[in-house]
Structures are given as structure tokens and as C-alpha cells.
Amino acid sequence: MDPTLLIETLIYGFLIGGFYAIVAFGASIIYGVMKIVNFAHGSFLVLGGYFAVFLSASYGLNPFESLLPTFAFLALIGVVLYTCTFVPRLMNKEDPESSSLLAFFGVATSLEAALFVLTGAGYSSIAYTPPIQSVTVFGIRIAFAWIAAFSVSAVTAAVLFLYLFRTRQGLHIRAIIDSVNEARASGIDVNRTSMIVFAIGLGLAGMGGAIVTLYGEVISPSISFQYTLIAFVVIVIGGLDDPVGAVLAGILVGLYQSIYVLLFPPELVSLALAVLLIASVSIRPEGILRRRRQEQ
Amino acid sequence: MRFPRPTLLVILLIIVIFLGIGLIPFSETSVLFFYLALYIVASQGFNLMYGYTGYLPFGNLGFFTVGQYIVAIMVVSYGISPPASIPIAILGAVVVSFVLYPLLRLHGIYFGLASFLVAEAIIAVIEWLPLGLTGGPVGVNLLHSYNPTFAYFTMTSAMAISLVTVYLIHNSHLGLALTALKEKPKVAEMIGINPTRYKLMAWILNSAMLGACGAIAGWYVAYINYDTAYNTNLLLNMLIFPVFGGVGTVLGPVVGSLLYIPISTWGAQYANYFLIGFGLALAVVVTVSPRGLVPAIEDVFRSRKLLKESKSGVNR
């Protein structure tokens, strides 16, 4: 095989993995803190994508400029959903995981249908011409959009890690992930932290949508499932409630996917993901970083 | 904990009504009842897993897909008649469930997500198979063996078999063991209930039911393509009906299907507007009444009975 092709594949896999990591990070903290399986994650991502398209059409913002507004918009939706709807009640169920998986599957269906109605099933994208088309390093050409998307993801990941490991709220989040009851007993406001986490999680999903427009890819309600699946493959491999594991697993999945598509029929990529998922939970059920945790 | 006798009577009544409907000529009503029977079977499969073992079979649609395409391949490539290929389809679904046996080692949400991904993988594999075998996106046509009346009665028999099976399981050692494993897994294991064995039994029965649904549905409409075998509406209905009606009981999924299929059939004309409401309804029902309608009604009766007993001073 042509070594350049292999290196190019690895680079692209790594770059898209960074994007997966950001999307999965949101799903991971939501699960970790709230034990809610946000099966509408991909739908919120698509909603974010449409918002970025809207910003571009109405205010002429390019995908970079729309990143933060999209994050804010989806975070606001997260706060509204948390304060006004059933979301907090799901957390207190005896089996919050299965219930929330079903409930958010319902939300995903609704949201997807609503987007179909609102957008007329339209495929939208932003016609954005980056300042340079591509960068060539050692004879390997990399599209500028991909580098830009990865840089955005990397900066976001850095900010999130600072937030998670260097702020008081981050400490609260980590404490709740480790043990809700102990966190509550030591005076952490679980309810408020959950709301913040839900907002950040949805915000990150929405920002993922804006990043999709940055790639120049089309946004359509029908792509939402595929991103939900990616997010969950990534966080299951990362260990479900481990945001650091999610970031690593995101890059791993990006690499795996691009190598797979290079070697095997691309139609079977979901089979490959299923195999990866099952293998991973059989070998390392606690996640790739294998943080042993005691049963409660 | 014996389940009251009336359940058996209701089951018999349902079977008789469905058989009666089969005698009227092919019409909108008989189509509606065909799909009622289909979703009752599919819901019972879901019920066996989620209601009795607590495992959310999010990927059940995969078995349906397998059933459909085995019929398609058997009829078109091997010239076997649809009724004869239904047992093969069921067997095929069971074989797939055996292959997926390691999934049962996963817990809770891991199982739900992994089984869903497997279902996606199954349709991906089918889309990848050579066009000569599956007919590609155009699909295969079974019109030469089109026989809606025969297919209707086959579906009704499948419904009868699945209802009686779940009824028997509910009242047997197996049902008790499954409930014990769901409620108190560690205690159940300690008193000698082998979790994997019982879960495997529920899983196999579930796959057989879904495989039968797929096979018979393909025969009934005499047309199979990627979309009839795998679409979001099917998945949504398969989850919604048993959850609305209530899992962990024999009649819950039946009530769910009977109540919501007419609604869902009626709503189909409003397409996406209807889906907005239906999806939200699923979310609300799961949150407000996670156990569904039938268990909620049972609770009312049980508490009234207890109240009466306590008033009349009966010692329990």
C-alpha cells in the first residue's frame, strides 16, 4: 500500500477523532452526573448545525463565528429543558438509564420530525470559503477545514479540562460522577450542578453541529442518528462516565474508522463499530483507562 | 404469586376475535388487525426481555430485519414458498440470537446500546449483500405467492402462541426466576438461579417472536426492501406499545398495542407532525408512569382490595 495514503488516513482519522471527542464529552458528563442516556445527542447536534446555518444566512456569520453563539443557544435550551420538563424526574427513577434511553429516544424522534417540518427536510450547508484551501506538509495535503475543526475541538477540550480539573464547579462535577450520595452529603448542590452539566452537554452537541458546517458537510435531520451512535460508541469505549476516557476513545474511534474504511468495504462501517464496541466492553468493561471503581 | 385467571379468559377472547376478523373479506379492518397481531407479538418479545429480565432490547428490530430477508432470499433464490420459509426465518433469527449471546454478559445500558448498534450492523450487512440476493434498494416482490388471508391466520396463530407462551412463563418457575433476577440479581444468583441460562431463554424466545413478525409481515405485503425491513417508525412502535401498555405483565403489551395502533395508524396521515407528538408522548409516559398502564390499573385494584380487607379486619 502507498505509505502516503496510510499516513493521510491516520491524520484524517486523528483529526475527525478530535471532533468525536468533543461530541462524546458532552454525552459523557451528562451520563456521569445525571445517569441519563441522552439518546437525542445527535438530534441536538443537528439542531446546532441548523442554528449555525441560520446565523450564517441571517447575520452572515461564518462557521467560526457561530461556534460560541451555537453553544450558548443549545446551553440555553438545556437549561430550559432541565428546569421546565421531565428531565430531573428521570434522574430519580430506580432505573434511570433504561428510562432515559427510552425517553430521549422519544425526544430524538420528536426533534427530528420537528426539524423535518421546520426545514422542509432540506439539506443545508454553509457556503464558506476558508482563507486557504489546504495545507501541504511533507507532500501530504490536508484540507484546511479539517485542521480548523480539529483546532477548535482541541481548544474546546483544553478549556473543558481546565474547567473540570481546575475550578470548583469542575470539582463538584467530578465528585458527583464518583458518588452522588457522598457528593450530596458533603454539601454539593447536585440539582444545580446537574443543570449546568446538562446545559454544557447540549451546548457541546450543538457546537458539534456548527463544526459539521465547518467541514462543509450538509446538515439534515436524517444524519442525527449517526452522530448519536458515534457519541455512544465513543463513551461506552471510554467508560461511560469518564470524560477523559471519552476524549481518548473519540480519537481512537476516529482512527479505527478511517483505517477500516481504507481497508474494507465502507458500507459495513456500522458492523465494524459494533464489533469494536462489543470487543471493547468485553475486554475493558470499565473503559479504556480502566479506572477501577467499587460497586456501590 | 399467581396471576389471576381472568388473564387467560381475556387471551382466549382476543384470539377468538382475531380469528373472527380473519373471516371477513380483505379490507382496511383486516389490515388493521393484522398489524395489531404483529405488534402484539413484537411487544411480547420486548416484554419478555425488558419486563422480565430488565434488559432493554433496543436492537429488537434487527431480528425483524433478519426474518424479512430470510423469507426474501428463500422465496426468490430458492423458490421455497413463504409459509414454508417462515420456520426457516424463525430459525435464522434464533441462530442470530445465539451468535449475539455474548451481548447478554453486558449490563443495563451497555446491552441496550450494543444491541441497537448490532441492529444497525445487521441492516448494513444486508445492504451490502449482492443485489441478486436481496433485490437491492428496489427490493423483492413476492406477488406470485400473495395470500393475505393465509398470512393473516398465520400471524394470528403466532399471536396466540406468543400470548400463551408468555402467560405460561409468567405463571411458571421461569417467570419467577426471571423476575427474581431482575429485582434482586445477587440474591437470585445466591439461591441458585443461573442468570445467563434464564436470560438466554428469554433472549431466544424474543428473537423467535421478532423473526416470525418480520417473516410474516414480508409475506403479507408481498414486498420486502430495506425500508420495510428497517425503519424508525417500526422501531418507535416496537418500543412505544409495550411501554405504554406496561411491561412485566401478560396483558400490558396487548393493551398498549390495541390502544395505540389505531392512534398511530390514524396519525400516519399527519406524518412528521404526528411523530413530534408521539415521540414526546413516549418521553412523558416513561417519566410519569414508567411501568405503564396495566400495572398502574392493577395497583389501583390491589390497593382497593387491601383497603377492603383491612376495613373488614381480614388478616392476610
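Trainee: What makes L259(B), L293(B), I297(B) and F301(B) a nonpolar patch on the surface?

Mentor: In this predicted model, the four residues have about 360 Å² of accessible area together. A patch takes residues with over 30% relative accessible area and no salt bridge, and it joins nonpolar side chains, Leu, Ile and Phe among them, within 5 Å. L259(B), L293(B), I297(B) and F301(B) therefore count as one patch.

Trainee: Which helix gives the largest share of the nonpolar patch?

Mentor: Helix α15 of chain B, residues 293-311, supplies three residues. L259(B) lies in helix α13 of chain B, residues 252-267.

Trainee: Why is L259(B) called partly exposed?

Mentor: Its relative accessible area is 40%. Buried means under 20% and exposed means over 50%, with partly exposed in between. The value for L259(B) falls between these limits, so the residue is partly exposed.

Trainee: How do you know that chain A and chain B touch, and how many residues take part?

Mentor: Contact means heavy atoms within 4.5 Å. The contact takes in 42 residues of chain A and 35 residues of chain B. Between them the two chains bury about 3500 Å², with 81% of it on carbon and sulfur atoms.

Trainee: What is the count of salt bridges between chain A and chain B?

Mentor: The count is zero. Two residue pairs are in polar contact across the interface, both at pLDDT 80 or more.

Trainee: Which element gives the most to the side of chain A that touches chain B?

Mentor: That is α5(A), with 15 residues.

Terms used
Residues numbered from 1 in each chain as written. Chains lettered and ligands numbered in written order. Predicted model: local features only at pLDDT ≥ 70, side-chain atom pairs only at ≥ 80, totals over all residues. Heavy atoms only, no water. Patch = residues over 30% accessible without salt bridge, like charges linked within 9 Å, V, L, I, M, F, W, Y side chains within 5 Å. Areas by Shrake-Rupley, 256 points an atom, 1.4 Å probe, with all protein chains shown as cover. Salt bridge = Lys/Arg side-chain N within 4 Å of Asp/Glu carboxyl O. Helix = DSSP H or I, 4+ residues; strand = E, 2+ residues; numbered from the N terminus. Buried < 20%, exposed > 50% of the residue type's maximum accessible area, 1.4 Å probe, protein only. Buried area = accessible area lost by both parts, 1.4 Å probe. Polar contact = N/O pair within 3.5 Å; in protein donor to acceptor, adjacent residues only side chain to side chain.
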